[in-house]
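Biologist: I'm new to this one. Could you walk me through how to read it, feature by feature?

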Amino acid sequence: MLSAFVILHYIAVKDTEECIASILKKIDSSKNPFEIVVVDNGSPEKLEDVIDKKLLKENVHIVTSKSNLGFACGNNLGIQYAREHFATRFIICINNDTLICQNDFLEKIDIEYRKSKFWVLGPMIY
């Protein structure tokens, strides 16, 4: 079960780095393979030039938009990239200021899908 995380980035490098780091730390890729697609949504400084290079693992991909496409179109660019490059079961759109804190995040999505066959799933926000 391959999942793809789509992270929309604009200017806030530290937030994006923390978001990526939380996914890399909390998701066990041996049990749940995943890809991370970061959409640089027209930031003045290219993300690939300013991001901590330790976060650029083989499963972290940066897609750069020359202009700010806005929230919906920026996410759509990342979703399109994920669909064209990976055979994903789930695509998770996540804001760059969000941290994954659960070790079983993807397992819970899979359990819920088996129960409800959802098309779109939203989280509880605390």
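Modeller: Buried means under 20% relative accessible area, exposed over 50%, and partly exposed in between, with a 1.4 Å probe and protein chains only. One caution: this is a predicted model, so local features need pLDDT of at least 70 and side-chain atom pairs count only at pLDDT 80 or more, while totals for chains, interfaces and linings use all residues. Residues are numbered from 1 along each chain as its sequence is written, and side-chain values use heavy atoms, with hydrogens and water left out.

Biologist: Which side chain does Glu18 meet in a salt bridge?

Modeller: The general idea is that side chains of opposite charge can pair when their charged atoms come close. Here a salt bridge is a side-chain nitrogen of Lys or Arg within 4 Å of a carboxyl oxygen of Asp or Glu. Glu18 pairs with Lys14 at 3.0 Å, N to O. These two are about one helical turn apart, because they sit 4 residues from each other in helix H1. Helices (H or I, at least four residues) and strands (E, at least two) are DSSP runs, numbered from the N terminus. Lys14 itself is exposed, at 57% relative accessibility.

Biologist: How many salt bridges does the structure hold?

Modeller: There are 5. One of them joins Glu107 and Lys31 at 3.5 Å, N to O. Glu107 is in helix H4 (residues 105-116) and Lys31 in the loop between H1 and E2, so this pair ties together parts 76 residues apart in sequence. Then there's Asp110 with Arg89, whose closest N and O atoms are 2.7 Å apart. That pair also links distant parts of the chain, with Asp110 in helix H4 and Arg89 in the loop between helix H3 (70-85) and E4, 21 residues apart. Asp110 is buried at 9%, whereas Arg89 is partly exposed at 39%. Arg114 joins Arg89 and Asp110 in a network of salt bridges.

Biologist: How should I read the aromatic rings?

Modeller: A pair of aromatic rings is described by the distance of the centres and the angle of the planes. Rings of Phe, Tyr and Trp (its six-membered ring) pair if their centres lie within 6.5 Å; planes under 30 degrees apart count as stacked, over 60 as edge-to-face and the rest as tilted. The count comes to 6 aromatic pairs. Phe5 and Phe34 are edge-to-face, 6.0 Å centre to centre with 90° between the planes. Phe5 is in strand E1 and Phe34 in strand E2, 29 residues apart. Phe5 is buried at 0%, and Phe34 is buried at 5%.

Biologist: How many disulfides are there?

Modeller: A disulfide is a covalent bond between the sulfur atoms of two cysteines. The cut-off is a pair of cysteine sulfur atoms within 2.5 Å, and the search of the whole structure finds 0. The sulfur of Cys19 is 10 Å from the closest cysteine sulfur, in Cys101, too far for a bond.
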